Amino acid sequence: MSIHRTAAKSSNEREHALSLLRQMLLIRRFEEKAAELYSAGKIRGFLHLYIGEEAVAVGAMQALTPEDAVVATYREHGQALARGLPAGKIMAEMYGKANGCSRGRGGSMHLFDAGRRFFGGYAIVAGGLPVAVGLALADKMLERQAVTACFFGDGAVAEGEFHESLNLAALWRLPVLFLCENNLYAMGTALERSESQTDIHLKAQNYNIAAEAVDGMDVLAVEAATQRAVAQVRRGDGPYFLELRTYRYRAHSMSDPELYRSKEEVAQWRGRDPIALFDACLRGRDMLDDAAMKAIETDVANDVDWAVAEAEKGAWEPVADLERDVYAGAAAA
Amino acid sequence: MAKMTYREAVRDAMREAMRADPLVFLMGEDVGKYGGAFAVSHGLLEEFGPQRIRDTPLSESTFVGAGIGAALGGMRPIVEIMTINFSLLALDQIVNNAATLRHMSGGQLGVPLVIRMATGGGRQLAAQHSHSLEGWYAHIPGIKVATPATVADARGLLLAALQEPDPVILFEHATLYSQEGESEDETPMQFGRAALRRPGKDVSLITYGGALGKTMNAATQLAEQGVEAEVIDLRSLRPLDTETIFASLAHTHRAVIIEEAWKSGGFAAEVSARIMEGAFDALDAPVARVCGAEVPMPYAQPLERAALPQPEDIVKAVQELI
């Protein structure tokens with residue numbers, strides 16, 4: 001792991017590094033709390049945790065501006081937090097409350113924030129890719145310089161929409177940044193059990209898309225690769241594809257007994273924990289000490305407490321409003 | 001008033017919309033250089049260029065999804081799907097995304113997308129190009145479904161659809177494209193209203209799309225037998241204009257519903273149920289249905305004709321009712 005421009009340890013650089021650490025830690029502590037609240041029955045439905053993959057969302061999001069768009073999956077708490085959605089609105093959404101970021105209509109899998117151009121969590125695998133292509137098409141037709149960042153997992157690669165979307169984005173040279181979070185499992189199916197070609201970025205290259213594989217446990221590597229990729233996409237050179245190699249520590253969802261992988265494998269990946277790795281990296285460069293880490297932990301814990309308080313105090317949407325927002329005006333039936 | 005074909009009316013509406021609004025564009029398979037599988041977009045590439053008349057790869061799911069994304073991004077896309085059977089490849093995007101995004105986002109997002117596609121049988125194209133699945137789409141809250149049956153509606157409903165803030169699917173019956181008629185009607189057309197195509201007092205014939213012509217033909221035959229049939233063209237399956245249906249039943253007291261789609265689980269069943277719920281007291285006889293035969297569409301001409309509702313079937317159903 002290397003800090004870019006290693007020679008200079010300017011205060012800006014330290015500030016930025018600590019911000020990355022803080023964002024990753026927020027995602028982790030937020031989700032640990034969510035898992036606890038799921039067990040307590042406060043959060044229901046499906047809950048897909050991102051723990052282990054934090055470096056991907058946090059690293060990638062650094063390259064985006066507020067004008068850029070983000071499309072994500074049903075495992076999108078990390079992307080939402082990294083994009084700046086308030087933790088309280090996300091937690092309230094997971095509670096199903098009206099002050100949630102989707103007014104309690106979406107839950108954990110469908111977080112939206114139109115103002116932050118966070119175009120949601122899509123729970124049909126690969127279903128967000130065509131939408132991302134269309135957002136980029138609109139940007140191109142309206143001559144905006146924006147980039148659409150599209151997150152999806154290795155499972156999406158087996159779907160037809162993946163191939164159709166890569167082809168169309170490349171054919172029309174659309175400003176899409178494809179971010180494949182390769183955590184090696186499509187739910188319980190290991191990559192090598194579902195793909196004849198497991199080097200996913202090579203598939204993108206076959207569509208004439210610039211593509212590379214990146215260590216998704218190294219937040220600085222993700223950030224640097226994404227900055228490069230976004231710069232190229234923004235220049236109008238068409239889409240770019242990053243395969244971010246990462247690992248999900250927790251079960252696929254809360255109901256998964258994890259029969260498909262060994263404890264040893266999980267332990268091995270925990271040895272490359274993105275937060276621990278970055279912590280060590282920063283300490284090695286005298287950018288972090290125990291006191292600073294404690295301050296970040298306290299700060300993050302306050303955020304999580306606030307998020308839970310927001311969710312707890314939120315009101316339920318009145319059942320009388322059940323049919324609102326199906327259409328713009330009055331309901332059609 | 002201008003005389004033109006149904007095909008020209010759709011084209012005129014697209015041309016008018018694209019001239020008026022730079023955000024409107026068309027994409028789909030062979031809409032550009034080829035001029036459209038049914039020649040609907042013929043000549044538009046020359047006028048508007050390849051940025052606004054976009055030929056897509058054969059990838060229904062992705063170009064419909066791209067239409068959704070472009071609509072979210074501020075454009076006003078029209079997506080053409082060659083035929084209704086091909087639209088099944090895009091069901092994921094239509095049902096899981098277009099129809100849900102406004103609600104699922106708590107009202108933050110809207111998808112002002114128009115999807116046009118050819119529907120229906122009658123051209124000997126067998127079981128993968130001829131079905132009438134518009135009733136499936138009408139099942140889904142979050143989208144609107146219209147079925148232009150006349151030249152005027154082909155133009156009017158498309159222009160009205162482009163004013164809607166939500167996704168609209170227009171089903172153009174493939175046998176109508178060459179039909180001639182007057183292009184002007186009510187302007188702007190109000191979305192979601194049925195049309196009274198022929199007044200009558202003895203029975204209400206309720207239909208839509210490609211079955212309208214056969215129903216009008218049946219009404220003419222019935223008139224010769226002294227039966228005055230009222231013909232209602234639904235025009236929109238969602239929302240459904242039950243007001244017009246009930247108003248008709250209030251003076252005819254009998255209803256026959258005609259559609260090309262299969263009877264089991266079809267849209268005629270929905271109309272029938274609405275009549276039971278909202279106009280039961282007006283009925284002097286059970287609601288009758290004339291629908292497509294329960295077979296995948298056969299190729300051979302006599303078989304295909306037998307599989308589709310014909311004027312004589314409608315006449316017979318009315319005679320049994322009165």
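**Exercise 1. Find the bridge partner of Phe151(A) in strand 4 of chain A, then describe strand 3 of chain A.**

Step 1. Phe151(A) has Leu179(A) as its bridge partner in strand 4 of chain A. Strands and helices here are DSSP runs, numbered from the N terminus: E, at least two residues, for strands, and H or I, at least four residues, for helices.

A word before we go on: this is a predicted model, where local features need pLDDT of at least 70 and side-chain atom pairs count only at pLDDT 80 or more, while totals for chains, interfaces and linings use all residues. Residues are numbered from 1 along each chain as its sequence is written, and chains are lettered from A and ligands numbered from 1 in the order in which they are written.

Step 2. Strand 3 (residues 148–153) and strand 4 (residues 176–182) of chain A run parallel, joined by six bridges. Two strands count as paired if DSSP finds at least two bridges between them.

Step 3. Now look at strand 1 (residues 69–73) of chain A, which pairs with strand 3 of chain A in the parallel sense over three bridges. Here Val71(A) has Cys150(A) as its bridge partner.

Step 4. Thr148(A), Cys150(A) and Phe152(A) point one way from strand 3 of chain A, Ala149(A), Phe151(A) and Gly153(A) point the other way, and all are buried. Buried means that 20 or more other C-beta atoms, placed from the backbone, lie within 10 Å of the residue's own; 12 or fewer makes a residue exposed, and in between it is partly exposed.

**Exercise 2. Which residues touch the most other members of the largest nonpolar core?**

Step 1. A nonpolar core is a set of buried Ala, Val, Leu, Ile, Met, Phe, Trp, Tyr and Cys residues joined through C-beta atoms within 7 Å.

Step 2. The largest one has 202 residues, and Val71(A), Cys150(A) and Leu177(A) touch the most other members. Helix 1 (residues 11–39) of chain A gives the largest share, 10 residues.

Step 3. Both domain 1 (3–182) and domain 2 (195–321) of chain B give residues to this core, so the core lies between them. These bounds come from an automatic or database domain assignment.

**Exercise 3. What span should helix 12 of chain A have?**

Step 1. The expected span is 1.5 Å times one less than the number of residues.

Step 2. Helix 12 (residues 290–313) of chain A has 24 residues and should span 34 Å; its end C-alpha atoms are 34 Å apart, which agrees.

Step 3. Among its buried residues are Val300(A), Val304(A) and Glu310(A). What covers the buried residues of helix 12 of chain A includes helix 1 and helix 4 (87–95) of chain A.

**Exercise 4. How many residues of chain B are in contact with chain A?**

Step 1. Two residues are in contact if their C-beta atoms, placed from the backbone, lie within 7 Å. By this rule, 36 residues of chain B are in contact with 36 residues of chain A.

Step 2. Helix 3 of chain B gives the largest share of chain B's side, nine residues.

Step 3. That side of chain B has 11 nonpolar, 20 polar and five charged residues. Ala, Val, Leu, Ile, Met, Phe, Trp, Tyr, Cys and Pro count as nonpolar, Asp, Glu, Lys and Arg as charged, and the others, Gly among them, as polar.

Step 4. Helix 3 of chain B is largely enclosed by the rest of the structure, because 13 of its 13 residues are buried. Just after this helix, Gly74(B) takes a positive phi of about 105 degrees.
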